[in-house]
Amino acid sequence: MSATSTPTSPAGIDPLWEKIKMSFGDPDWLLSRRKEALEVFRATHLPSRVSHLWRYTDPILFVTDEDTVAEAGPRTKDQGGLPPELQKGFDASSIAGAAYLRNGNGVNVILDPKLASAGVVMMDLREAAQILPDLVREHLGSLIGPNFGKFEAYSSAAWTAGLLIYVPRGVEIDQPIHILSGPSGTAQPFAQRLLVIVEDSAVLNLIDEYGDGEADRGGPSHVNSIVEMWAGTGARVKYVPIQNWSAGTVSHFTQRARLLADAQIETAMTSLGGRVSKVDCGAILAGRGAESNMFGLAIGGARQQFDHHTVHDHQAGNTRSDLHFKVALRGRAHSAYTGLIRIEDKAPFCEAYQENRNLLLSSGARAESIPELEILNNEVRCTHGATVGKVSPEEVFYLGTRGIDPADAVRLIVTGFVGPILAHIPDAARDRIHREVLHHLGEV
Amino acid sequence: MTQDHAPFRCEDIRVAIESKEVVKGVSLSIKGGEIHALMGPNGSGKSTLVNALMGHPSYTLTSGRIFINGEDVTELPPHERSRRGMFLRAAVKARVKDDPEMKTFRKTLIAEFERLEIDPAFATRYVNDGFSGGEKKRLEILQMAMLKPSIALLDETDSGLDIDALQIVSKGINTVVNETVGVLLVTHYQRILNFVKPDFVHVFMGGRIVRSGGPELAAQLEKEGYERIEKEVSQVAEVA
């Protein structure tokens, strides 16, 4: 995407729009939304470094040369099966479905036939825009649209790979659905989008994995992802985003979940890879009794840069949120965490808790923690806490008295630090993520 | 058994903190099956001595040698001393992949939980997950039982324990001690000695062992406090 406004081209034609119009083959309603989004993107200045959420990461990092935007190409239903790592995981007894979103185009989907016959839909979002226009029109862009921010506007205009997951009322999917995005070997930047609709009393367990962490396989230079989730009354959603891009990738990730009365979401996010990773993850508690529990882990080394923002927006009374975000860094890695708790004036009897803990494993690592509380109602319970610390020599000595050498002692302390967060990752991914975490911290 | 093969021996241990000598020449030999109590008032340097014996990085020896089962460990880091049997013997390298070993370990662990009457729920908690002071001390006894050391240095094991916890910890010590294990029990008051019977009592003041004797010395301390011994020691010093 261009840093400037509309690029100069003959007769005022926007080349990105030409590309989208020519190659995407979307229905008219979607094309006109894309055009609107592109206009917003062009009209919006780059965020200022002093504006909220841009103090810690330079927005110029997310700007790409638009000529390299991935070609969308025609939609295809079958791209020749799932990648082996997903195939292995696709055992009906351990996962309920899998999808593979490739850089640029092509979405592969496998879903337990029992679920399909129960009305569960999992399909290419662009295909869904044609087949289920009413459902997609109503929800797409309603939580994160072009006016959310400049890069969300870009993504809304230019997203290529997309996935719709729809779980009808009362259908409970206990095993996880596993989505893998991106590791296609092409370096082109791309934008993608998930739309997840979980109706009243339905249950969904979703692993949403980005990249495969293989630095030598290369990866996209830039990724812009948007995830919108709707949870109906009494719905229960478990959401497990795993960011494991290869070492050179710059990623921009925005997610919102909107919960109606008594709905619950548990989010367990892990950020491992990438050069720069900016994450904005939030839950809107829109109905009485809604509850969000968010657990996060960021593990970095070298010169990795993390910028995580979480939002718990209590719009209704008697809602509850809990957040535990942990960061462990080595090398010259840097993390900024900003956590917003917002309780509206018409939302009494809410409870909100937020904790951010940072473990620095080298003298060059840096972490910042900024809680943000906007409490407009007095009848609430709201607490927050933040710590930044190093592995204490006393702890290493203590473990030494048990025969544990210093390197193993640090590993054990880190495992103890991340363990309570890992515990919230489903079995299907937990051991693998634990190994990745230790691997990332292997040089401490 | 020759002195060389005592589980634990140290000679003329001196420790300085910021150029101030805190431990001023301690020599001690502990044979298998012996419980030695090291008693002294607060600030006498007991903890400094014990931490230095274990190799704490903040305390450097200015002189002295430390032997475990006859081997000089003075230059070894804490985990190497541990693996040679100090405090807690044997390597407990995390064996993540070694399933059979892990199963045996769990079985032994659960058996020790029962033997020591400690709540097995401890085993499901994370390494650094908010244990209370009393819980930590009980866990240390459990770890000692698991690691089967040659020499256990138990520093202030009794402080902060209620009477039930004290009995559990004492029972643990008595259970673990056998003819091959030596114990150095460091305490500033006598209460735990009602449950763990020492063979030798050393009074530690001003960085030195000023008096050694049998269990009767502990009883005398309980009755008269440290003051009287302190007076006697200073008189001796004046005469000298």
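Two strands count as paired if DSSP finds at least two bridges between them, and helices (H or I, at least four residues) and strands (E, at least two) are DSSP runs numbered from the N terminus. The legends below describe a predicted model, in which local features need pLDDT of at least 70 and side-chain atom pairs count only at pLDDT 80 or more, while totals for chains, interfaces and linings use all residues. Residues are numbered from 1 along each chain as its sequence is written, chains are lettered from A and ligands numbered from 1 in the order in which they are written, and side-chain values use heavy atoms, with hydrogens and water left out.

**View 1. The open sheet of chain B contains five strands in the order β6-β7-β3-β8-β9, with mixed pairing.** Its edge strands are β6 (151-155) and β9 (208-213) of chain B, each of which pairs on one side only. From one strand to the next, the twist averages 20 degrees.

**View 2. Strand β4 of chain A (residues 161-167) is mostly covered, seven of its seven residues being buried.** Buried here means under 20% relative accessible area, whereas exposed means over 50% and partly exposed lies in between, for a 1.4 Å probe and protein chains only. In a regular strand the side chains alternate between the two faces of the sheet. In β4(A) both faces are covered, with A:Ala161, A:Leu163, A:Ile165 and A:Val167 on one side and A:Gly162, A:Leu164 and A:Tyr166 on the other. Strand β3(A) (residues 121-124) pairs with β4(A) in the antiparallel sense over four bridges, and A:Tyr166 is the bridge partner of A:Val121. Strand β6(A) (residues 190-198) runs parallel to β4(A) and is joined to it by seven bridges, with A:Leu194 as the bridge partner of A:Leu163.

**View 3. In chain A, strand β17 (residues 350-360) pairs in the parallel sense with both β15 (residues 320-329) and β19 (residues 380-390).** Ten bridges join β15(A) to β17(A), and A:Phe325 stands opposite A:Asn356 in β17(A). Between β17(A) and β19(A) there are eleven bridges, and A:Cys350 stands opposite A:Val380 in β19(A).

**View 4. Helix α2 of chain A (residues 28-43) has 16 residues and reaches 22 Å from its first C-alpha to its last.** This reach is close to the 22 Å expected at 1.5 Å a residue, where the expected span is 1.5 Å times one less than the number of residues. The buried residues of α2(A) are A:Trp29, A:Leu30, A:Leu31, A:Arg34, A:Ala37, A:Leu38, A:Phe41 and A:Arg42.

**View 5. Helix α5 of chain B (residues 163-176) has 14 residues and reaches 20 Å from its first C-alpha to its last, close to the 20 Å expected at 1.5 Å a residue.** Among the residues buried in α5(B) are B:Ala165, B:Leu166, B:Ile168 and B:Val169, and also B:Ser170, B:Gly172, B:Ile173 and B:Val176.

**View 6. The axes of helices α8 (residues 393-400) and α9 (residues 406-422) of chain A come within 9 Å and cross at roughly 115 degrees.** That makes α8(A) roughly perpendicular to α9(A), on a scale where angles under 35 degrees count as roughly parallel, over 145 as roughly antiparallel, 65 to 115 as roughly perpendicular and the rest as oblique. Axes are lines fitted to C-alpha atoms, for helices over the stretch in contact, and angles run from 0 to 180 degrees between N-to-C directions.
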